[in-house]
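Biologist: Please take a close look at one part of this model, and go on from there to whatever else can be said about the fold. Give the cut-off for each term when you use it.

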Amino acid sequence: MSNCDPMEIRKATAEDFEAIVRLVPSKDELFLVYPKGTYPFTVEQVRYLSEVRKELTVVEREGEIVGFANLYDLESHKWAFIGNVVISRALRGTGLGQKLVDHMVRMAFKKYGSAETRISVFNENTPALLLYVGLGFRPYSIEARQDPAGRRVALIHMRVGKDEYRA
């Protein structure tokens with residue numbers, strides 16, 4: 001992706017929910033993006049997220065929704081979690097994920113005054129894990145989970161402090 005590609009990161013609206021659902025085309029991918037979700041991912045599930053989470057955010061490129069994320073568990077200026085991060089399969093590896101996560105981290109720090117931002121990632125999601133480490137996130141806890149096939153996987157909880165963050 002070149003720097004001249006028109007891309008906008010903006011607040012999601014109800015009109016975006018259908019497009020957000022299409023970003024998660026498989027059961028395995030839904031598990032990585034929203035482990036508590038049920039496949040197939042539906043508009044109703046996105047609507048629920050809009051009620052229990054904050055700052056539902058999309059990446060729009062050339063009129064198409066190509067990314068999604070939100071914030072949750074904003075703990076009175078101590079921390080904020082970034083959740084449900086997903087980029088369209090066709091655009092992964094182009095830098096959009098980094099731009100979206102950077103946007104969410106900056107929002108947590110500036111708008112919500114969080115001292116740290118947290119994110120969780122499954123051990124099998126190597127591209128996301130490396131992206132987060134590259135932005136300064138460091139593991140602080142690992143939780144055992146089961147993937148849709150019943151295999152044991154690790155959910156790695158990561159955090160970055162306001163003073164440590166680097167985009």
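Modeller: Helix H3 spans residues 43-52, and its buried residues are Val43, Gln45, Val46 and Leu49. Seen down the axis of H3, these residues fall within an arc of 160 degrees, so they line one face of the helix. The arc is taken over the directions from the helix axis to the C-beta atoms. On the other side of H3, Glu44 and Glu51 are exposed. Buried stands for under 20% relative accessible area, exposed for over 50% and partly exposed for values in between, with a 1.4 Å probe and protein chains only. Helices (H or I, at least four residues) and strands (E, at least two) are DSSP runs numbered from the N terminus.

The model is predicted: local features need pLDDT of at least 70 and side-chain atom pairs count only at pLDDT 80 or more, while totals for chains, interfaces and linings use all residues. Residues are numbered from 1 along each chain as its sequence is written, and side-chain values use heavy atoms, with hydrogens and water left out.

The loop between helix H2 (27-33) and H3 holds Pro40. The peptide bond that joins Tyr39 to Pro40 is cis, with omega about 0 degrees. Most peptide bonds are trans, and most residues other than glycine have a negative phi.

Asp73 is found in strand E3, residues 64-75, and is partly exposed, with a relative accessible area of 48%. Asn84 is in strand E4 and is buried, at 5% relative accessible area.

Strand E4 also contains Val86, which counts as buried at 4% relative accessibility. The C-alpha atoms of Val86 and Glu18 are separated by 14 Å, and the two residues are 68 apart along the chain.

Strand E4 (residues 79-87) gives the largest share of the lining of the largest pocket, seven residues. This pocket has a volume of about 1000 Å³. Its lining comprises 43 residues, and Leu32, Val33, Val85, Asn125 and Tyr132 lie nearest its centre. By class, the lining has 23 nonpolar, eleven polar and nine charged residues. Ala, Val, Leu, Ile, Met, Phe, Trp, Tyr, Cys and Pro count as nonpolar, Asp, Glu, Lys and Arg as charged, and the others, Gly among them, as polar. A pocket is an open set of points, on a 1 Å grid over the protein atoms alone, where a 1.4 Å probe fits and protein lies on both sides within 12 Å along at least five of seven lines; lining residues have an atom within 4 Å of a point. Points are joined across faces, edges and corners, and the volume is the space filled by probe spheres set on them.

Tyr132 is one of the buried residues of helix H5 (residues 126-134), with Ala128 and Leu129. Seen down the axis of H5, the buried residues fall within an arc of 100 degrees, so they line one face of the helix. On the other side of H5, Pro127 and Leu130 are exposed.

Next, the aromatic rings. The whole structure contains five aromatic pairs (ring centres of Phe, Tyr or the six-membered ring of Trp within 6.5 Å; planes under 30 degrees apart are stacked, over 60 edge-to-face, the rest tilted). One of them, Tyr72 with Phe81, is stacked, at 5.2 Å centre to centre and 25 degrees between the planes. Tyr72 counts as buried at 19% relative accessibility, and Phe81 is buried at 10%.

Tyr72 also has a charge over its ring: Arg53 lies over the face, 3.9 Å from the ring centre. The term requires NZ of Lys or CZ of Arg within 6 Å of the ring centre and within 35 degrees of the ring normal. Arg118 likewise lies over the face of Tyr140, 4.8 Å from the ring centre. Tyr140 belongs to strand E6, residues 138-146, and counts as partly exposed at 27% relative accessibility. His157, 17 residues from Tyr140 in sequence, is 5.9 Å from it in space, C-alpha to C-alpha.

Last, Arg61 is placed in strand E2, residues 54-61, and is buried, with a relative accessible area of 17%. Arg61 and Met7 are 54 residues apart in sequence and 4.5 Å apart in space, C-alpha to C-alpha.
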